[in-house]
Amino acid sequence: MEPIKTLRSRTVVLPNTNIDTDQIIPARFLTTTTRDGLGQHLFSEWRYDAQGALRPDFALNRPEAQGCQILVAGRNLGCGSSREHAPWALLDYGFRAVVSTEIADIFRNNSLKNGLLPIVVDEGTSRWLLEHPGAELTIDLESATLTLPTGDWVKFSIEAFSRYCLLNGVDELGFLLGRMSDIKAYEQRVQV
Amino acid sequence: MSRAPKTMFEKVWEQHEVIPETADTPAVLFIDLHLIHEVTSPQAFTVLRQHGLPVRRTDLTLGTMDHSTPTRTEQVFGGAPIAVESAAKQVRELESNCAAFGVELLGMHNAQRGIVHIIGPELGITQPAKTVVCGDSHTSTHGAVGALAFGIGTTEVGHVLATQCLLQRKPRTLAIDITGHLRPGVTAKDLILAIIGKIGVSGGTGHVLEYRGEAIRALDMDGRMTMCNMSIEAGARAGMIAPDETTYAYLEGRPRAPQGAAWERAVERWKQLPTDSGARFDKEVTIDGSAVEPMITYGTHPGMVVPISGSIPTSKGDAVFEKALAYMGLQAGAPIKDQAVNVVFLGSCTNGRLSDLRSAAGILRGHKVAKGVHMLVVPGSQQVKKAAEAEGLHKIFIDAGAEWRESGCSMCIGMNGDTVGKGQYSVSTSNRNFEGRQGIGARTLLASPLTAAACAVRGRVTDPRDLMKG
């Protein structure tokens, strides 16, 4: 994984609360055996009409949303299914960070493991972001800060080890493999 | 060792710490049972190949196929191909991956195949005090026996295949105490829907739930699995129920449970598992079980739920709420009872077990599915199917006009050929009423098997107690 230090981009806003991973990537697109090419199906039901044409009123389809790398969403983003296809689809589409007041556990874990930054902010910051689509934000992973175009900034919390891995491009599998002697000792100790 | 009183979760967690967590690093947690299926494993096997790694503990890994498999008998057994080529490829890839890496697979024609969360307990391989993971959020089901069981993503599936371990931060704990007893016609499904309605779809985020109290002790194992299954719908990492005599009676003699002296030793060990008196939970919630009514959802997440006798809430100007009702084609403030129904789905890892089929059959016996209603009955596993047929349940469903299928996830996820049509109302015993979950434009109302059967008979949303004798 490529190291990530900072991200500067405008936002796209989906104010909906409880956006589940079935919305992010519907189940009928899960019959794939690779991680690639899921971006075209991102938010499929919301993005396309029954004929497969783009719905012009959907936030991602607006001209000003093109190239935006930060998705701001309502509370409890990514609830439901554990499908890692959700962050794969967001990344393949071009997003690099998602921002909400609450991000569901499994979706957050999956995002961190793929280099999609799950940023949890306070209610006040979230309200400002939801009211200002297209705002240019700077996310700095080293200092764990999110800076608004007003110059105001807020700290966000991100699990220390995940941050270390993201900043340094460390693969967690490599880290686990490096603990093999401890794993073997455990297996001997509990005879599992 | 500290003698401080501990919760059941803390005991299981500590027993599986290969390396405890620190401020800088998560715990390395050992996994006792890794269940895999066709949808969330292919990319993980690809990673193993890229690194030249084997599956480290094939003895702790078990595969089956359920999500993208068809449920029509002629497709499962008759040689008729899986309609969707990508699904067929996914199934073939699971077969070739399991063969190449030496993982046991309960494949398409295996008599023990079924939905991954049905077969774990059914085989007795899901056991108290185990850590159980699977690339599926409903892995929480296995917590019903006192296991710590949670869903993971595909990257983590790769971690477990390669190392039998996961990097995990220790979750917080939430006790949900259910006082009193459920009334007749009220099931575990109604209780868990009522809990989600109360704490909300993110009320459990970051937490492991422990369901406790009189009403929980009185549930059979199938009901406990229904409860733990839907813990994820409250956002929880996992749900757990302390093992007791009901648990041991359920597990004893199952093919992969310990046998003989090993069984006796295991039970002695499991008896140490329940939460110690005086142990502290991070949060506690109490619900009066005797006040719970048969419940049904009206919206697009499982927290949008009301008693069947109740009404859909009024709007209060919430745009998300209004969008959900527009999708559902329902009116704020209107009663939910007597809403017309097009489809009834009985099955899934939530309610596809034998007792679920029995309770629905009890309502359907001597009745017909209402004209214009399509009812699909999909046993949770091939063994559930066989047991149901042995007691003639399939005849009751077929005589009533329902379809009787082979096991699988079916209409719960709509990625296998079984879907609900656009705009159609489906009363479903599954776990998610998200937009499009059962098919593009499908409108799902989640309910218990009793309620689903009653709705099938009347063709409208019906309180099952209206059809229950005595």
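Colleague: How many bridges join S9 to S10 in chain B, and do they run parallel or antiparallel?
Modeller: In this predicted model, strand S9 (residues 172–179) and strand S10 (residues 207–212) of chain B are joined by 6 bridges and run parallel.

Colleague: Which residue in S10(B) is the bridge partner of Ala175(B)?
Modeller: Glu210(B) is the bridge partner of Ala175(B).

Colleague: What is the strand order of the sheet?
Modeller: The order is S11-S10-S9-S12 in chain B, an open sheet of 4 strands with parallel pairing. Strand S11 (238–240) and strand S12 (283–288) are at the edges with a single partner strand each, so one side of each has no neighbour in the sheet.

Colleague: And the twist, what does it average from one strand to the next?
Modeller: The average is 20°.

Colleague: Which strands do helices H1 and H7 of chain B lie across?
Modeller: Helix H1 (residues 8–15) of chain B lies across S9, S10 and S11, at about 130° to S10(B). Helix H7 (residues 188–199) of chain B lies across S9 and S12, at about 125° to S12(B).

Colleague: Switching to helix packing. At what angle do H14 and H17 of chain B cross?
Modeller: Roughly 30°, with the axes of H14 (residues 354–364) and H17 (residues 449–458) coming within 8 Å. Angles under 35 degrees count as roughly parallel, so H14(B) is roughly parallel to H17(B).

Colleague: Is that crossing left-handed or right-handed?
Modeller: H14(B) passes H17(B) in a right-handed crossing.

Colleague: Which residues meet there?
Modeller: From H14(B), Asp356(B), Ser359(B), Ala360(B), Ile363(B) and Leu364(B) take part. The H17(B) side includes Pro449(B), Leu450(B) and Val457(B). By class, the contact has 10 nonpolar, 1 polar and 1 charged residues.

Colleague: New topic: Val116(B), buried or exposed?
Modeller: Buried, because 28 other C-beta atoms lie within 10 Å and 20 or more is the cut-off. Val116(B) lies in helix H5 (residues 116–123) of chain B.

Colleague: What does Val116(B) touch?
Modeller: Leaving out residues up to four places away in sequence, Val116(B) touches Leu35(B), His37(B), Thr64(B), Asp66(B), Cys134(B) and Asp136(B).

Colleague: Last one, the interface. How many residues of chain B are in contact with chain A?
Modeller: 53 residues of chain B are in contact with 43 residues of chain A. Among the elements giving two or more residues on the chain B side are strand S1 (17–19), helix H4 (85–101) and helix H6 (154–163). H6(B) gives the most, with 6 residues.

Colleague: How does that side of chain B divide into nonpolar, polar and charged?
Modeller: It has 20 nonpolar, 23 polar and 10 charged residues.

Note on methods
Residues numbered from 1 in each chain as written. Chains lettered and ligands numbered in written order. Predicted model: local features only at pLDDT ≥ 70, side-chain atom pairs only at ≥ 80, totals over all residues. Axes fitted to C-alpha atoms, helices over the stretch in contact; angles between N-to-C directions. Parallel < 35°, antiparallel > 145°, perpendicular 65-115°, else oblique. Left-handed = near helix turned anticlockwise from the far one by under 90°. Contact = placed C-beta atoms within 7 Å. Nonpolar A, V, L, I, M, F, W, Y, C, P; charged D, E, K, R; others polar. Buried ≥ 20, exposed ≤ 12 C-beta atoms within 10 Å, placed from the backbone. Pairing = 2+ DSSP bridges.
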